[in-house]
Amino acid sequence: MASHLFCGRVNLNILREAARKDLREFLDKCSGSKAIVWDEYLTGPFGLIAQYSLLKEHEVEKMFTLKAGRIPSAAVKNIVFFVRPRLELMDIIAENVASEDKLQPRDVHILFVPRRSLLCEQRLKEKGVLNSFTNIDEYILDLIPYDGDLLSMESESSFRECYLENDQTSLYHAAKGLMNLQALYGTIPQIFGKGECARHVANMMLRMKREFAGSQTQILPVFDTLLLLDRNVDLLTPLATQLTYEGLIDEIFGITNGYVKLPPEKFAQKKQGEGGKELPTEPKKLQLNSAEELYAEIRDKNFNAVGAALSKKAKIISAAFEERHNAKTVGEIKQFVSQLPHMQAARSSLANHTSIAELIKDITTDSWLYFILCNMVRNAHLNMPDVFSQTALLSCVSASEDFFDSLTVEQEFMTGVDTDKVSTYIEDCIAQKDPLIKILRLVCMQSVCNNGLKQKVLDYYKKEILQTYGYKHILTLKNLEKVGLLKPQSTMRNNYPTIRKTLKLWMEDANEQNPNDISYVYSGYAPLSVRLTQVLARPGWRSIEEVLKMLPGPHFEERQQVPTGLHKKRQPGENRTTLVFFLGGVTYAEIAALRFLSNMEDSGTEYIIAATKLINGTSWIKSLMDSPEENLP
Amino acid sequence: MAFVTANWNPLGDAFYRKIELYEMGWNLKDGLRDCLVAAAPYGGPIALLKAHNRCSPSARPQLEIFSSSGLPLASFPWKSGVVKQLGWTVSDDLLCVQEDGTVLVYDLLGGFKRHFSMGNEVSQSQVLETKIFHSPYGTGVAILTGALRFTLATNIDDIKLRRLPEVPGLQGAPSCWAVLTQDRQSKVLVANGSHLFVLDNTACTPVTPPGLSPQASSIVHMCVSFSYKYLALLTDSGHVWMGTSNLKFVLLLFSCRCRRPKSQQPSAVVMWDGLLLVVGECKETIQYHLDDDSILVPELDGVRIISGTHHELLQEVPGACEEIFKIASMAPGALLLEAHKEYEAASFGKCFLSNFPPEQFVSMCRDLRVLNAVRDYTVGIPLSHTQFKQMTIQVLIDRLVYRKLYPLAIEVCRYLKTPEYQGVSRVLKYWACYKVCVCVYLFTPLLYSNILYFVLFLQLLFNKVALNLSKLTPYCMPSCMLVYTVVMYLKNELNRGDFFMMLRNQPVALSLYKQFCKHQEQDTLKDLFNQDDDHEELGNFYVKASYKEQRLEARIAHLQSAVDEYYKAKNEFSAKTTEDEMRLLRFQRKLEEEKGEQLVGFSLHDTMTTLLSVGLHKHAEQLYKDFRVPDKRFWWLRLKALAEKEDWEELEKFSKSKKSPIGYLPFVEVCIKHHNKYEARKYVSKVTLEQKVKAHLAVGDVEGAAEAAIERRNESEIGTVLSRCSATTDHLLVERLNRAKATVAKK
């Protein structure tokens, strides 16, 4: 069920089990049959912890979404609310509870995730329903195991809260989560960090550690190092379009809580003799994690290398199926049959990913490989939809060119070409009223790569955006300025070129097929955050002191005392394990880059990644937008 | 070890022992002579007050409070009236009963808490004698007034005064009296000469203890056991009568000459000047000699003897000790002790007892460790295990908290694994209250680790403690919930002005409060910005407000306010932009009224598109000029609007009107987008050389594209064209392109 969590260097299933135990305990507190009323936002993160089967084992018979009015009727003994501590949700709950049938009273419980809030309880009290609750509890869900080497807090707005609204709650939860992690995996002896928030989290951790001094866990440390990185140290990376397979899936379709929803057309099961079958209208929902062998293999490849990988896989599978002709004896046939389920799973996995790759291809570029691949797949007698009609190709031309042009401009910015002038491409995009977020991503990128725009250029962009997309976006622009994504050039010299050169952020000859450097994840651009991580492991930050000073926020190193007897004795050749925590979010491409570093033969370090949220440029910019009309009734 | 039994004295079947608890740390000049002394049970504190010197009433005696080990806890001159009696409450508060019936309550560290009166009748007739007693309802005070009447309060925390009925025939002060708790009622037992009366709420009942003849002699002393189960009476004929406190059963009748009895369980301790006598059921006695003036403090399982220099415990040797240490004992404990001496292993043999659950052993070891810790000289709470079990860990922790021994209390909680909310959290709560002087209820919902932050935060808020702010700030922003809690509390406590001023110095609290207001109290938000002269934010506030308005006038009014604020903030760009917005709104409304087109709320761009699509070119033109829309964008706009209308003729005219600032590739692309290849081709020739390949490809003219690419000798363009050729149909073209590519590459 959670096999994806076992495969990493660190067994993150321990964490998941701990979370499940807490959940079971709470559910058992409300004895008897129950219905859960969900704050919709929580269903995704909870899905990573427990499936419906677990809830069912603990007598959860019905599930509803929290909404105003009455709770739909259900013959259960308990009603349990699973909610975030938000005041607006309390009002809804109060309404729900107030309209409960007085004649047939049910026990009502509330579970706050991740923390109880006095403010909310007070609100319930004001509404006169606080005493109706049998249990008021909290379910601490800070770090959720997402994959074998990946933890996420799934906290959507933490970047906005920290950098825009000065609300550091999510940092507190991050620190708490790290304490919890240390309770399960031992004290992390070394802490490095860069940025204000990183400093803050480290301070809180050290403080909490002092508070819990008595209850130190006697566990051999699993992690050697913790690296805390502020997102605002590297504002550039999320703005760039990710070019790994997983990154592109996220950029184009969006991955939420480990699931992606895809347009259904390409997944239609075509059976022979049923030509005119209706196309499904429901989006196809797929879970993406390393439990799927093929996906684990290709997720972190540059998209240009995915085709080759898929075709190779197709060959292997078709060869495996051919084996059946060689199976002569009963024993051989039996062996073949025993492998069938695995092969069939692999085959359907291959079919899925070929379809996704096609979808992406439509939007990105077309290449020979693609055609080769499709031929391969056909030869493998797989159920592949036939989409290579001339019209389909034609219609995707313009889309792919858009993508290509935009990528070209991004790469120009990142290499420092013409970052100080108004970009014709951006101008044209605005004139054609391309999606606002695309524009904002590009403008922000230009600003970051130029360490601020000339006042005239900045004002021009702003005016263009406001005239085209509406004056209401003035608030969004102000937000972007507040967090430093957009800024007027100060008198200081543009230090981006220095940073780029010192950290080798641009690699001219990025090898996408057989990468030898992390820059392959953006086809040339090496994510700054990951470079910092790489340099920290070898040769150390001292070598880049100058650059570190140019980046915002302090950098620091802390050591935590590990009880004697728990000092790790490293075997020669044994890798160090580093936990990299991205405060403010991490992109799939960065994860891919870190995995690449882990797998490098001489790296000497393996990375586990944690983040407040998995983000991409679009979701990130969206979280910073302010559109007042949303508040309209 | 060898002498454990040396001070054991047999009394009937049992043994008694007197062990020294402490050598007293106090340094009393005159010992306990002429002092009012009160020692709290369960090893509690001791209060001392020199008796009033009637001769010089102006001299102020010193009230001193010590721990059981004689360490000073508090000392202050007594400034109020004449104290008749000192006593301790169950929660370690000191009660000082004055002559006039006023009772002053102090905490154990000498802090004045409150006072209360025992009623008018008492204050008029003055206090003759008083007794402080404990019952299941709390601590009570009983007073015998000068009018020879008894007044009783059972619980000083919830004072209900009861005046007991008169005792018949009472002429002067009774020879002795005591308070009993029976049948959930406090009663007074009074001896007047040889007559014994029980006073309850309603009646005065004469009683006769069985076995004690009423004529025998007058009763001079009486004492009730700690548990209220037994009573001891001493007559002037030197008889000790011991029985159950309901006077139904007699346990012992013994004659001796003595003065002050304290009774306990089925044995009584009688003390007079230099002699202490333990009287048992078996009519045997043990005698101890006392060197000094002493007082006796009854405990659950013994009597503490406090003198000017020593503090001792006299108790029946507990069964467990007896089993272990009794000479020739073969009890398991004794055998284990032998084994321990032999092998020096503390928990010898435990590992061989697989069937015996170790919990008992472990918890006993823990208890003993805690008892040793609190018995330590510096803490001074000597408790026996029986007492500890009776008082419960909760109460012990409270006692530590009253003494402000917070770290020890926390250690004990952790060590005994007390649940957090009863243990560590509770201690921290009190600590927090003590630190910031805020009432405790505020802390109730908080988890303990949060309390620490909270206290630091409050300290900052109140500036109660001079702290290095910069050092603390990073720790004081743990979660918005905490900060909210404080902020909401203070919001109700302080007036608005002070509240805002306070917030001003707390950036974190302020930003969180702003968040809260953003969702809940928009107007407060405005006030906050106003107070800070934050014109930029005020401007933003008005902009937001404008979008909430349905009516255009109100919207424009808000925007005007925003403009004013932006100017004050010297943010020209925002001010100008907002003015533009107002201008646009007015224009849109005017046109809506004139032309009936739905426009209000559209962006400038969309407004122009709409105008162009319905043919209002002039008005679009006007906006283009008024808002200084760049040429390029306006061309794009017109291009797209015309294509949308499929007005190809007009489009062509437009393309020729003057030289396009956006080039002609957009014309090609827009036509293709509208599936008009024919029109698109018209513009291909006008496209600049750099974009020719793209233009040709867009209209599907691969050969044209190839031509252009070869002409431009551009490798990547040739590549692009190649990728668009199909190997089978464009065989020749592919060859040509490959050749060209080779040539280009050579250079």
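Biologist: Which residues does Leu228(A) touch, leaving out those up to four places away in sequence?

Modeller: A contact means heavy atoms within 4.5 Å. By that rule Leu228(A) touches Leu178(A), Ile191(A), Phe192(A), Gly193(A), Lys194(A), Ala198(A), Val201(A), Ala202(A), Phe556(A), Phe581(A) and Leu583(A). This is a predicted model, where local features need pLDDT of at least 70, side-chain atom pairs count only at pLDDT 80 or more, and totals for chains, interfaces and linings use all residues. Residues are numbered from 1 along each chain as written, chains are lettered from A in the order written, and side-chain values use heavy atoms, without hydrogens or water.

Biologist: What is the largest nonpolar core?

Modeller: In soluble globular proteins, nonpolar side chains tend to be buried together. A core here is a set of buried Ala, Val, Leu, Ile, Met, Phe, Trp, Tyr and Cys residues joined through side-chain atoms within 4.5 Å, with buried meaning under 20% relative accessible area (1.4 Å probe, protein chains only). The largest has 243 residues, and Leu228(A) is among those with the most contacts inside it, along with Phe81(A), Phe82(A) and Leu485(A). Its largest share, 10 residues, comes from helix 17 (residues 436–449) of chain A.

Biologist: How far do I trust chain A, going by its mean pLDDT?

Modeller: pLDDT is the predictor's confidence in each residue, from 0 to 100. Chain A averages 84, and 89% of its residues reach 70 or more.

Key
Buried < 20%, exposed > 50% of the residue type's maximum accessible area, 1.4 Å probe, protein only. Helix = DSSP H or I, 4+ residues; strand = E, 2+ residues; numbered from the N terminus.
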